[in-house]
Amino acid sequence: MLSHKTFTTQSEDETAGAARELGAMLSAGDVVLLFGDLGAGKTAFVRGLAEGLGIGGDEVSSPTFTLVQEYRRGRLRLIHVDLFRLNDPREIEDLGLDEIAAGGVLAIEWAEKLPRAPEAAVEVRITHAEANTRRLTIHSR
């Protein structure tokens, strides 16, 4: 697995492409923590992860209101979590992320809200650079 890589992207498709590369390398039990402002491209990144896992990217939508979406049609299950609306660490603990992620890949948007992050996670930080440009920094912990 990679330890540190930086991408510059200029579209949602390019952001998804960078994630597709990562998705192809992921294994059961891997956790991807996504950090970035509102509209940074976290969900576009998860679409690319899904494609790298053999899941149609068009199936992926933001789980902002459902909190958790699960996709099973690829080589591994993808569990997509969005913590944006949760502010109480107990609510996050009640989701049981450790249990629901067993045997699949867990992608968590707004990961800074986690009371404790998994030690062996992949961190993805997405920042706006200039105009429509985004900088993606992917780091394996």
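Let's start with exposure: a residue is buried under 20% relative accessible area, exposed over 50%, and partly exposed in between (1.4 Å probe, protein chains only). What you have here is a predicted model, where local features need pLDDT of at least 70, side-chain atom pairs count only at pLDDT 80 or more, and totals for chains, interfaces and linings use all residues. Residues are numbered from 1 along each chain as its sequence is written, and side-chain values use heavy atoms, leaving out hydrogens and water.

Now for the sheet. Seven strands make an open sheet with mixed pairing, in the order S1-S7-S6-S2-S5-S4-S3. Strands here are DSSP E runs of at least two residues, helices are H or I runs of at least four, and both are numbered from the N terminus; two strands pair if DSSP finds at least two bridges between them. At the edges sit S1 (4-9) and S3 (68-71), each pairing on one side only.

Helix H1 (residues 12-25) packs on this sheet, touching S1, S2, S6 (122-128) and S7 (134-140). Contact means heavy atoms within 4.5 Å.

Back to Glu21: Lys5 forms a salt bridge with Glu21, with the closest N and O atoms 3.7 Å apart. The term asks for a side-chain nitrogen of Lys or Arg within 4 Å of a carboxyl oxygen of Asp or Glu.

Elsewhere, Glu70 and Arg77 meet in a salt bridge at 2.6 Å, N to O. Arg77 counts as buried at 17% relative accessibility, while Glu70 is partly exposed at 36%.

Note on methods: Axes are lines fitted to C-alpha atoms, for helices over the stretch in contact, and angles run from 0 to 180 degrees between N-to-C directions.
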